[in-house]
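Here is a short report on one protein. Look at the structure first, then read on.

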Amino acid sequence: MAPQLVLAASGPQIINVADSEALRTALASAPSGTEIRLLPGRYIGRFEVEQPLTLRGESGAVIDAQGAGSALVVSVSGVTLTRLTIRNWGRDLYEKDAAIRLLPGANEVTIVANELSGPGFGIYASEVSDLKLKDNQIEGEAEAFLLDRGDGIHLLKVNYPHVSGNRIKTVRDGIYLESGVGSRVYGNHLSELQYGLHYMYTKQDEAMDNLACRVSGGYALMNSEGIRLVFNRVREAKEFGVLLNLTHDAEIQANQIEATQMSNSVAGDLFSEGKGLFVYGAKRNQISGNYIAGNQIGIAMALGGEDNLVYQNQFLANATQVRYVGETRVEWSLQGRGNYWSDYRGWDLDGDGIGDGQHLPNDSLDRLFWLYPEAKFLMESPLVKLLKWLDSQLQGEHSVGVVDSHPVMTPPPHLGPAAWEAL
């Protein structure tokens, strides 16, 4: 059926299409600014958008790429794709098969409220800027091996993208950002995948109000700078809740990190236990106001990492509160306020809200149990608790390891955006 022009009293020209051939004809001939509406039906094959226009799907309209290539390829700026349902595109990750692929130069594209279900990448873009990706639902192939899946959203050398309100599951990484600047990632729901949000070689990004659950890792910050990660949640991760790997000058604040657990973990093996927050060779980061609870390791730090500020966090009932592999004395407090520790055994005789004695979250006995994990069952014995208390009293200013000189006696209020409850 040929495309049908709908005369509108005002606004953009509207063209209705009802089959694949009509859609191709409309895409090839419609002038800039046209809105092409897909009426209910199946649109078979792959389609290219080469004019700045709007492509809108009505309920019951499905684009089916029949398992090959990318379903929609956009090569110009100023395109809007909305309410489209796209299925069954290709799975070749080397060829960047995606439901929606943006070629270099396709700037200022808006992709809103689409339903994408299939292998390969959900949305793939490279060398573009100012994208808006909002309220899309992206579902990968749950039965495929994790690393054989594409990412839900994969942005390579993309500057200033705004990614919000998307629900993404059963893909490789939920949102993968590489070599870009200035992303804003807000209010996304990420589940059943490798890493919820993955930064690689990026700068000056911000992520807020996202939820990652049932993932290998929640938020992976790798070789990046100046990232602001605030008010996010992660629960039921396996490897880590938040990873800072060779990442500098980041602000990790007011995040909620819970129940990071790896099955079949080996006691004493850092890489086989679930880490709420893992600082690996990262410097000059500020870690404050986070709620870190119920993880196998609350926070682990290795390969350096001493040059970070850690204060006013809550460490609650983690099997191991801190694992620090190093021989340096590291102070975890700022301006007279440290962190709240559920295992702190000190007093507050002057009532100022700060413990009268320092807290050593990994003391000499902890190090001994890391070397001989088979003796860890002794940790809860009265004698060991007494020895740990004596150790904390005898350690002087020359002791090594993490020291909180000003542990707070009551947990500070943990605030989060109201939108959490709606996720």
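Helices (H or I, at least four residues) and strands (E, at least two) are DSSP runs, numbered from the N terminus. This is a predicted model: local features need pLDDT of at least 70, side-chain atom pairs count only at pLDDT 80 or more, and totals for chains, interfaces and linings use all residues. Residues are numbered from 1 along each chain as its sequence is written, and side-chain values use heavy atoms, with hydrogens and water left out.

**Overall picture**

The protein has three helices and 39 strands. Of its 423 residues, 53% count as buried. Buried means under 20% relative accessible area, exposed over 50%, and partly exposed in between (1.4 Å probe, protein chains only).

**Helix α1**

Helix α1 spans residues 20-29, and its buried residues are S20, A22, L23, A26 and L27. They sit on the same side of α1, because they cover an arc of only 160 degrees around the axis. The arc is that of the directions from the helix axis to the C-beta atoms. E21, A28 and S29 are exposed on the other side of α1.

What do the buried residues of α1 pack against? Their partners are the strands β2 (14-17), β3 (35-38), β4 (41-44), β5 (47-49) and β6 (54-57). Contact here means heavy atoms within 4.5 Å.

D19 caps the N-terminal end of α1. One of its side-chain oxygens lies 3.3 Å from the backbone nitrogen of E21. A polar contact is a pair of N or O atoms within 3.5 Å; within protein, one must be able to donate a hydrogen and the other to accept it, and residues adjacent in sequence count only if both atoms are side-chain atoms.

Most residues other than glycine have a negative phi.

**The cavity**

How many cavities of 30 Å³ or more does a search of the whole structure find? The search finds one. On a 1 Å grid over the protein atoms alone, a cavity is a set of points where a 1.4 Å probe fits but cannot get out; lining residues have an atom within 4 Å of a point. The largest cavity has a volume of about 50 Å³. Grid points are joined across faces, edges and corners, and a volume is the space filled by probe spheres set on the points. Residues lining the largest cavity include L155, V158, P161 and L177.

Methods: On a 1 Å grid over the protein atoms alone, a cavity is a set of points where a 1.4 Å probe fits but cannot get out, and a pocket is an open set with protein on both sides within 12 Å along at least five of seven lines; lining residues have an atom within 4 Å of a point.
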